[in-house]
Every structure is written in C-alpha cells, then in structure tokens.
Amino acid sequence: AAEALYLRGQAEMARGRYERAFKVYQYLIDDHPKSELYEQALLGQYTVARAFLNGRKVRLWGAVPILPRMNKTVEFFEAIIKNGPFSSVASDCQLSIGEAYEKKKQFDMAADAYATALDRYYDRREVEAEARFRLGNALANQAMSAEFDQTVTQRAIKAFNDFTALFPNDPRAPEAQAQVEALRVERARGA
C-alpha cells in the first residue's frame, strides 16, 4: 500500500499536479509511518514545496493556474517539518519558510523563521551560518522598509556582527560587514 501511494505521488507530479502529489505523500506519511518510503515521501513533499517557492503557480480547482501563494508554500514547509523535524530536509524547510516570507516582504516573519532555524538546528554549522546571515538580511530589510526603528536596526547589526564573529572565513563576511556599516549610517541619519 505504501509503495502504491508513493508511485501515485510520483505520477501526480509527472502530470503537473503538485498539490495532489503533496497530499498523496501525506497519506503515505500518515498511514505508513514505519514505511521504508517515509523519507522518500518527505523528499517528494520537499520537491513540491520548493517548486511553489520558486514560482510554480497554484491551480484553482486543479485546473486553472493562479499566482503563486506563499502562504500555501509556508504551509507545505511547515507540514514537512512536522512530519520529520530532524529529517534531511527539515532545516532547509525552516530556512525556506523565511525565504517565502521575504518574497512576501514580511521581513519580521522571515526573521522569526530564521531565528527558529537557529534555535532548532544550532548543532549544524552550515545551517547556523545560513540562518544567521539571512536573519541579518531580513532584519536589515525590515529596518530599511518600515518607519525608522532603532530596535530593528540594532538587532540587524547584532545579527551581522554575530555572523562575522562566528564565521569570519565565510565568503559572505565582507558583505555582512558592509551591511553593518550601511545600517550604522542609516541609524545615524535617523537618530
């Protein structure tokens, strides 16, 4: 039964019915939690969620393509994390939630998603580096796009400083330092 569901999920994806494929994989996960195909189903769901994050259009009534909906994309990633909080794709799903919020210009929600990635996956250095850098960017974007807020600017500066202190050899360290300088200039102009 699990194999049949997995094959059906793949068939739905091949037909371009990504939302249906996600649901079929969810049936497999819910009904066969000990299946050898559990991780493969998570990967299938991850492929679907990434497609929507990258601009795949949601289909209304399964037929009419409409604009991508980042809320639905976030729901997909959250479901994957719930299904496998420490799976091979869970940390990337958490980062992708932040990315989806950034696409919607909801920088505060993006910052929260990246902070959650830091909390949950602190023991994975590459995830920590990515989450810290993205957190700084989300906060910087929030500071620049809203009414001037010293608190958000300070948090962005701290995030970038933490990033450069913990990852001085990361290729993005100079960019983080440049962001800190730009934020300090902006803070001085707004003070």
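# Helix packing exercises

Apart from neighbours within four places in sequence, Ser91 is in contact with Tyr121, Arg124 and Val127, where contact means heavy atoms within 4.5 Å. You are looking at a predicted model, in which local features need pLDDT of at least 70 and side-chain atom pairs count only at pLDDT 80 or more, while totals for chains, interfaces and linings use all residues. Residues are numbered from 1 along each chain as its sequence is written, and side-chain values use heavy atoms, leaving out hydrogens and water.

## Exercise 1: Ser91 and its helix

Find the element that holds Ser91, and decide whether Ser91 is buried or exposed.

*Step 1.* Ser91 sits in helix α5; helices (H or I, at least four residues) and strands (E, at least two) are DSSP runs, numbered from the N terminus.

*Step 2.* Ser91 has 7% relative accessibility, so it counts as buried. The cut-offs are under 20% relative accessible area for buried, over 50% for exposed, and partly exposed in between (1.4 Å probe, protein chains only).

*Step 3.* Now widen the view: 12 of the 14 residues in α5 are buried, which leaves the helix mostly covered. Among them are Ala90, Cys93, Leu95, Ile97 and Tyr101. The partners of these buried residues are α3, α4, α6 and α7 (125-145).

*Step 4.* Check the length: from first C-alpha to last, α5 reaches 20 Å, close to the 20 Å expected at 1.5 Å a residue. The expected span is 1.5 Å times one less than the number of residues.

## Exercise 2: α5 beside α6

Work out how α5 and α6 are oriented, and which residues meet.

*Step 1.* The two axes are 7 Å apart, and the packing angle is about 170°. Axes are lines fitted to C-alpha atoms, for helices over the stretch in contact, with angles from 0 to 180 degrees between N-to-C directions.

*Step 2.* That angle makes α5 roughly antiparallel to α6. Under 35 degrees counts as roughly parallel, over 145 as roughly antiparallel, 65 to 115 as roughly perpendicular and the rest as oblique.

*Step 3.* On the α5 side, Gln94, Leu95, Ile97, Gly98, Glu99, Tyr101 and Glu102 meet Phe107, Met109, Ala110, Ala113, Tyr114, Thr116, Ala117 and Arg120 of α6.

*Step 4.* Sorted by class, this α5 and α6 contact has nine nonpolar, three polar and three charged residues. Here Ala, Val, Leu, Ile, Met, Phe, Trp, Tyr, Cys and Pro count as nonpolar, Asp, Glu, Lys and Arg as charged, and the others, Gly among them, as polar.

*Step 5.* Pick out Glu99: beyond residues up to four places away in sequence, it touches Arg50, Leu53, Tyr114 and Arg134.

## Exercise 3: Lys105

Where does Lys105 lie, and what is its phi?

*Step 1.* Look in the loop between α5 and α6 for Lys105.

*Step 2.* Its phi is positive, about 65°, although Lys105 is not a glycine. Most residues other than glycine have a negative phi.

*Step 3.* With 61% relative accessibility, Lys105 counts as exposed.

## Exercise 4: α4 beside α2

Determine which helices the buried residues of α4 pack against, and how α2 and α4 are oriented.

*Step 1.* The buried residues of α4 include Val74, Phe76, Phe77 and Ile80. They pack against α2 (18-31), α3 (38-53), α5 (90-103) and α6 (107-120).

*Step 2.* The α2 and α4 axes come within 12 Å and cross at roughly 20°. The pair is therefore roughly parallel.

*Step 3.* At the contact, Glu19, Phe22, Gln26 and Ile29 of α2 meet Lys72, Phe76, Ala79, Ile80 and Asn83 of α4. Five of these residues are nonpolar, two polar and two charged.
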